[in-house]
Amino acid sequence: MASSAVPIKSGTIVTIERHILEQQRYHPEATGVLTSLLYDLALAGKMIASQMSKAGLAQILGKTGDVNIQGEQVMKLDKLADETITNLNDHTGRLAVMASEEHEDIIHIPDKYPVGKYVLLFDPLDGSSNIDYNTGVGTIFAIYQRVSAENTRGTMEDCLQPGRKLVAAGYIVYGASTMFVYSTGEGVHGFTLDPSIGEFLLSHEDIRIPANPTYYSVNQGYFTRWSTGVQKYTQHLQELTSETSAISMRYVGSMAVDFHRTLLAGGIFYYPADTSKPEGKLRLAYEAIPLAFIAEQAGGYGSNGNRNILDIKPENIHQRTPLYIGSRELVTLVESYIKKYD
Ligand code: AHG
Ligand code: MN
Ligand code: MN
């Protein structure tokens with residue numbers, strides 16, 4: 001019989017709830033609200049994973065027929081994931097305001113519910129063009145403290161904060177298993193959902209991104225649209241060897257999943273600006289910033305090609321950015337190629 005794969009830390013089982021509570025002890029001033037908010041996000045992850053596992057049976061594959069603010073087709077699961085996160089968080093009194101990839105404007109807390117001190121930004125379903133093909137997708141989130149006055153409805157300014165102000169960030173990947181990865185600024189920790197008990201259990205403690213690259217990850221189909229610096233950098237990666245073998249290329253097309261592999265295996269994920277997307281494709285506030293925070297907390301680095309993503313204050317909620325993220329040396333190297341050739 002297969003042995004049980006319950007993650008054990010020093011002889012004990014660590015649920016996500018226990019871990020978040022233990023992290024809270026690093027912050028004696030903490031009131032427990034952030035702990036509850038993270039736990040609400042883990043619950044959203046479980047609910048989205050459950051919906052996802054029925055895709056193909058329930059009528060939730062395919063497009064809704066709507067086009068979102070990004071000009072992209074909204075998939076039914078995009079909408080379901082967005083509603084799940086919004087509904088679980090609009091009434092708790094923990095949030096001042098939310099913002100999502102799927103909403104043009106910020107999401108106000110309804111007047112009938114109390115407001116709190118945190119701000120939640122999220123990409124409810126990342127990689128949704130992959131949904132119909134049974135491929136891994138994710139959810140990405142960022143949490144800030146409000147900057148607007150307490151006990152008022154949150155504002156756009158609350159949502160336009162640089163990554164340096166993050167209180168917590170993370171992502172959930174829905175793949176062969178469901179994983180929740182988060183940081184509150186005390187390292188990066190990963191949990192795997194045990195579907196038989198419905199709990200996330202600590203499986204990846206204090207993740208550090210390996211310096212030695214295993215993979216690079218980019219949509220090389222766009223090679224001819226890139227700048228000279230990005231092209232030359234990519235050719236350099238193709239010539240690099242890691243110990244004895246060449247570096248492999250892997251690209252799923254769901255950033256949360258591509259980033260997750262980069263974090264665990266070492267390497268770089270990038271989505272450059274190109275001639276058809278001069279600002280890049282990925283969104284600064286709810287895709288690039290939270291993942292750059294996770295990368296930095298794991299010893300890696302996220303850049304827009306010129307500067308640290310975490311130092312950039314978004315000017316609008318749906319602003320796009322080029323992104324280079326992963327092992328620190330590989331990201332600083334692409335910055336030097338861009339500086340030299342572009
Ligand atoms: P989303 O599904 O949230 O709109 O994000 C899709 C993004 C990202 O996950 C991925 O890295 C990228 O789009 C893939 O784009 P290409 O198909 O152009 O490679
Ligand atoms: Mn996305
Ligand atoms: Mn999305």
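D132 is partly exposed, because 14 other C-beta atoms lie within 10 Å of its own. That comes from a predicted model, like everything below.

**Exercise 1.** Work out where D132 sits and how far it is from G175.

*Solution.* Next, find its place: D132 belongs to the loop between β7 and β8. Finally, compare with G175: the two are 43 residues apart in sequence, and their C-alpha atoms are 14 Å apart in space.

**Exercise 2.** Describe how domain 1 meets domain 2.

*Solution.* First, get the bounds: the domain assignment puts domain 1 at 16-204 and domain 2 at 215-341. Their centres, taken over C-alpha atoms, are 23 Å apart. Now count contacts: 36 residues of domain 1 touch 28 residues of domain 2. On the domain 1 side, the elements giving two or more residues are β7 (118-126), β8 (137-145), β9 (168-174) and β10 (178-183). The largest share, five residues, is from β8. Sorted by class, this side of domain 1 has 18 nonpolar, 14 polar and four charged residues.

**Exercise 3.** Find out which residues are closest to ligand 1, and why it lies between the domains.

*Solution.* Look at the shell: 13 residues surround ligand 1, and the closest are D126, G127, S128, N219 and M255. Then sort the shell: two nonpolar, six polar and five charged. Last, check the domains: both domain 1 and domain 2 give residues to this shell, so ligand 1 lies between them.

Definitions and conventions
Residues are numbered from 1 along each chain as its sequence is written. Chains are lettered from A and ligands numbered from 1 in the order in which they are written. This is a predicted model: local features need pLDDT of at least 70, side-chain atom pairs count only at pLDDT 80 or more; totals for chains, interfaces and linings use all residues. Domain bounds come from an automatic or database domain assignment. Two residues are in contact if their C-beta atoms, placed from the backbone, lie within 7 Å. Helices (H or I, at least four residues) and strands (E, at least two) are DSSP runs, numbered from the N terminus. Ala, Val, Leu, Ile, Met, Phe, Trp, Tyr, Cys and Pro count as nonpolar, Asp, Glu, Lys and Arg as charged, and the others, Gly among them, as polar. A residue is near a molecule or strand if its C-beta atom, placed from the backbone, lies within 6 Å of it. A residue is buried if 20 or more other C-beta atoms lie within 10 Å of its own, exposed if 12 or fewer, and partly exposed in between; C-beta atoms are placed from the backbone.
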